[in-house]
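This report describes selected local features of one protein model. Please consult the sequence and the structure shown here before reading on.

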Amino acid sequence: VQLQASGGGVVQAGGSLRLSCAASGSIFSANDMGWYRQAPGKQRELVSTITSTGSTNYADSVKGRFTISRDNAKNTVYLQMNSLKPEDTAVYYCNADIVRSVTMPPRGYWGQGTQVTVSS
C-alpha cells in the first residue's frame, strides 16, 4: 500500500491550497484518513481527520479555514486550506488506516509529505 500526497507549494498569506492524498495497492477498505503537519523544530501534529462515513475532526488552529473531504471510491483524501497563515508553514503528511483484506487487521500508513510554505 502506498499513499501519494500532492498539492503543496508556496502561497502568500490569505491564499489557498488544496492537498490530495491517494492510497493505492492492495486495499479492501480505508477507515480513518487524515492530515498531520510538522514544522521545523516542532513535533508532528494532527491537522484533521475524517472517518469512512464522513465524520470530521479539526485542530483548533485550523477550524473554519481548512476543510477535509474524501472520495471512498478513489481511496483519496483532500484538504482544502483557505486563509492560510505563515504559521501554517510545514510539511503536511497524510495518514490512512487501511484494511488490506477481510482476514487482516487494519494498519496505519503514511504518505511521503508535501511542503506548504506561506509567505507573509
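Alanine 13 is partly exposed because its relative accessibility is 42% (buried means under 20% relative accessible area, exposed over 50%, partly exposed in between, with a 1.4 Å probe and protein chains only). Alanine 13 belongs to the loop that runs between strand 2 (9–12) and strand 3; strands are DSSP runs of E of at least two residues, numbered from the N terminus.

Contacts of alanine 13 (heavy atoms within 4.5 Å) include Leu84, Pro86 and Val118, leaving aside residues up to four places away in sequence. Serine 119 is 106 residues from alanine 13 in sequence, yet their C-alpha atoms are 5.7 Å apart.

## Basis of the model

The model is predicted: local features need pLDDT of at least 70, side-chain atom pairs count only at pLDDT 80 or more, and totals for chains, interfaces and linings use all residues. Residues are numbered from 1 along each chain as its sequence is written, and side-chain values use heavy atoms, with hydrogens and water left out.

## Pairing of strand 3

Strand 3 (residues 17–24) runs antiparallel to strand 1 (residues 2–6), with five bridges between them; strands pair if DSSP finds at least two bridges between them. In this pairing, leucine 3 is opposite alanine 23.

Strand 3 is also antiparallel to strand 8 (residues 76–81), through six bridges. Here alanine 22 faces threonine 76.

## Arginine 44 over two rings

Arginine 44 places its charged end over the ring of tyrosine 93, 3.7 Å from the centre (CZ of Arg within 6 Å of the ring centre and within 35 degrees of the ring normal). The charged end of arginine 44 also sits over the ring of tryptophan 110, at 4.6 Å from its centre.

Terms used: Helices (H or I, at least four residues) and strands (E, at least two) are DSSP runs, numbered from the N terminus.
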